[in-house]
Amino acid sequence: MLYREAGDFKTTYAEDSQTFPIKFDRWRYWAVLAIAWLVIPFFVNDYWANAILVPFLIYSIAAIGLNILTGYCGQVSLGTGGFMAVGAYAVYKLMTAFPDVSILIHVVLAGLITAVVGAAFGLPSLRIKGFYLAVATLAAQFFLVWLFNKVPWFYNYSASGQISAPERFVGGIAVTGAETAPWAQYLICLAFVTICAVMARNLTRGSLGRQWMAIRDMDIAAEIIGVDPLRAKLTAFAASSFFIGIAGALFFAVYLGAVEVGEAFGIQKSFLVLFMCIIGGLGSIFGSFAGAAFLVLLPVALKVLGVDILGWPSSTVAHLQLVAVGGLIMFFLIKEPHGLAQLWRVTKEKLRLWPFPY
Amino acid sequence: MKMNTFAMAALAGVMASGPALAELVIPDLSYRTGPYAANGTPFSDGYQDYLSLLNARDGGIGGEPIRVAECETAYNTEKGVECYESTKGDNALVYQPLSTGITYQLIPKATADMIPMHTLGYGRTSAAAGETFPWVFNYPATYWDAASVAVNYLLSENGDDLSGKTIALIYHNSAYGKEPIRTLEKLSEKHGFKLTQLPVDPPGQEQKSQWLQIRRERPDYVIMWGWGVQNQVAIQEAANVGYPMDQFIGNWWAGAEPDVLPAGMAADGYKALNMNRIQDYPVLDEIQAQVIDAGNGAGDGSNIGQVLYIRGMYAAMLTAESIAKAQELAGTSAVNAAQVRDGMEALEITNARMAELGMEGIGPEFSVSCQNHSGSGEGLVQQWNATDKVWVPLTDFITPDKSVIDPLIAEDAAAYAAENGITPGCL
């Protein structure tokens, strides 16, 4: 009744090709943005920012990035952790080398540097596919982590091999460093998430996205209809790495403040982001958010339930958490192999017919 | 979940405004899961059991009951940060993260929140410079002390001459494992030994290539900076390549029962540093009787008396003593985090006090000051006897070479202060 195309007349081409063709969706989109921008910043405290919201937003960007590559272009990648590390170390080197330039510019530059690195590691994708490509990107993951551990220039020769983010300001307000207010941390991540999501959504709706999807569905057929696989695959690697690089830069500078490459950007990070894409739904921007929310919130929710409400020992809860997360991943993959985004699509289809389904 | 956090926030608000709730909250960022659980569990058991003993025997510290807020980190920095954020609103008095990685993460946060951290023989060595790191304490010793103690022990074994010898450092490839490198490099210049560095990627189940290299190069000594499963694997691999165990020395985080037991008799003769002597202390009987037997133990009680259990207990004792000191200084028993910091900075541990607490000779005598947050830095060398399954102390407490360490600390602290815009000074 509320959720339908009928009666929503489009009179211009721009209206006809807008992102959300249904009025209800548009309202919902603006409502979500309004709550995220105008309501949450006033209520967010240290715990909510550091344990839930900031990691959720940053992982969303990373999941969007990987989703472009894996979900839209069909190139399996296990190098996400390594590419996030490139973003983190790039922003660190830029922050320390050019302290007077705004951190916002550094984060974007870090994304661009990661895009170049990602495109370089994407070159093998022209020859190899599927599992073999996964192994090639796995090599990128291990190589990049090894590189950042091995070459002291990347961590400015610090004794511990760690990098730590110096304090930086946007408009006089600290956004990195220990004195950062939780709302500032939240808002800077939200700004990047909003821009990245809008960019990614429009990229995937445009000609480039269609080329990627053509390559994903059948690369030979795509080539026959005139898609250049070199261009499509490399742009997918570059765009994907750009977002992942931004996520890595924010992960280091805004969220953690100090990182050790082996621990923060190890292979488990690559798998975590890949699980987010798979659980959320491959080939869906909404799915990236849903997957990130699922995997960030679930452990925290289980912990609050087990330790704070039920009063169980923290070690038991930690063990149960591994079981529960694993079990839920399996449950979702069996019950809904297309991820949470598919549940959302089904709901929307039902809503279209409600209250008179046939 | 939302309710709970709001309730917690409301509670914190009430506690901040109204009369202080009579409770001393000490968070324990423990890890009983993951590849480091074998080492994290006994430490946490010792830490909590000693605090439980104080509750059971003395009714807390200075009449205020203690509440331990445990949070599982799995030795993971992200979870460590989450634990810190979720416990700090509870009027947390002092943090003991038992992880160098988490320590690095929390140093700026705890400094900004004005909550002291005690990193007992781990964490950032240059935090010894209390004027730059007013909220971080690493007494009774630092990693650089440990490196120097190990070298001093080898010097005494070799008639004060290590020139021409080779020492291999096999280390956890993380901030923790990299800590001693700078000191060992300086010491190798000073004493003329050759240092080989062998990083092991965490968690360290795979060390074949490192040990093949050791077999090929046959260094005179191997020093290990390991933790968790890495220690067990290294000792097993050392036995496999036939490296002599008495030339293999672990630091004080690589010398406990869980590290040597899996290798069985092959681990016999393995040496390790220790910052707390292993004996049958009277306080252990009290813990057994009043905590474990009463059913209030943090674990199942099977770790009692082990190296890491005693170290956890030692850490809790130092925390309790500094809170007592803080109560004395502040003139109130309901102290806050800032007052506990003052207590930590005025801490003085004497032999008489340790004997009074039923743990005579557990650690060296030391006192803390604003300039020196690291204590005496002494450590001893112990050896594993696999037949009787006991650690046998080989030496008394060895003094580190402060003439090498102090300038390094000053240099590193000055660099940190410059990088972060800190003007060093006492609070």
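**Entry 1: ground rules**

Helices (H or I, at least four residues) and strands (E, at least two) are DSSP runs, numbered from the N terminus. I am working with a predicted model, where local features need pLDDT of at least 70, side-chain atom pairs count only at pLDDT 80 or more, and totals for chains, interfaces and linings use all residues. Residues are numbered from 1 along each chain as its sequence is written, and chains are lettered from A and ligands numbered from 1 in the order in which they are written.

I began with the backbone. Most residues other than glycine have a negative phi, and most peptide bonds are trans.

Lys389(B) sits in the loop between β12 (380–385) and β13 (390–393) of chain B. I read a phi near 55 degrees for Lys389(B), a positive value in a residue other than glycine. Is Lys389(B) buried or exposed? A residue is buried if 20 or more other C-beta atoms lie within 10 Å of its own, exposed if 12 or fewer, and partly exposed in between, with C-beta atoms placed from the backbone. Lys389(B) is exposed because it has 10 other C-beta atoms within 10 Å.

Ala74(B) also has a positive phi, near 55 degrees. I found Ala74(B) in the loop between β2 (66–72) and α3 (77–88) of chain B. Ala74(B) has 22 C-beta neighbours inside 10 Å, so it counts as buried.

Then I turned to cis peptide bonds. One joins Trp354(A) and Pro355(A), with omega about 0 degrees; Pro355(A) lies in the segment after α15 (340–353) of chain A. Another runs from Tyr139(B) to Pro140(B), with omega near 10 degrees. Pro140(B) belongs to the loop between β4 (136–137) and α5 (143–157) of chain B.

**Entry 2: where the chains meet**

How many residues does each chain bring to the contact? I noted 29 residues from chain A and 34 residues from chain B, where two residues are in contact if their C-beta atoms, placed from the backbone, lie within 7 Å. On the chain A side, α3 (46–72), α11 (261–264), α13 (285–309) and α14 (314–335) each supply at least two residues. That side of chain A divides into twelve nonpolar, twelve polar and five charged residues. For these classes, Ala, Val, Leu, Ile, Met, Phe, Trp, Tyr, Cys and Pro count as nonpolar, Asp, Glu, Lys and Arg as charged, and the others, Gly among them, as polar.

Helix α13 of chain A holds Gly287(A). Gly287(A) counts as buried, because it has 28 C-beta neighbours inside 10 Å. Beyond its neighbours within four places in sequence, Gly287(A) contacts Asn67(A), Gly280(A), Gly281(A), Gly339(A), Leu340(A) and Ala341(A).

**Entry 3: the largest core**

I looked next at nonpolar cores, each a set of buried Ala, Val, Leu, Ile, Met, Phe, Trp, Tyr and Cys residues joined through C-beta atoms within 7 Å. The largest has 238 residues, and those with the most contacts inside it are Ile58(A), Ala88(A), Phe243(A), Ile246(A), Leu250(A) and Phe252(A). Helix α10 (residues 229–256) of chain A gives the most to this core, with 18 residues. Domain 1 and domain 2 of chain B both give residues to this core, so it lies between them.

I followed up on Ala88(A). Setting aside its neighbours within four places in sequence, Ala88(A) touches Gly248(A), Ala249(A), Phe251(A), Phe252(A), Val259(A) and Phe265(A).

**Entry 4: two helices of chain A**

Helix α4 (residues 80–97) and helix α6 (residues 130–150) of chain A have axes that come within 7 Å and cross at roughly 35 degrees. The axes are lines fitted to C-alpha atoms, for helices over the stretch in contact, and angles run from 0 to 180 degrees between N-to-C directions. Which residues meet here? Gly81(A), Gly82(A), Ala85(A), Val86(A) and Tyr89(A) in α4(A) meet Ala140(A), Gln141(A), Leu144(A), Val145(A) and Phe148(A) in α6(A). I sorted this contact into seven nonpolar, three polar and no charged residues.

**Entry 5: the domains of chain B**

Chain B is assigned domain 1 (22–142 + 281–377 + 413–420) and domain 2 (143–277 + 379–406), with bounds that come from an automatic or database domain assignment. Their centres, taken over C-alpha atoms, are 26 Å apart. The contact takes 24 residues from domain 1 and 26 residues from domain 2. On the domain 1 side, α2 (37–58), α4 (100–113) and α12 (307–330) of chain B each supply at least two residues, and α12(B) gives the most, with five residues. By class, I logged 13 nonpolar, ten polar and one charged residues on that side of domain 1.
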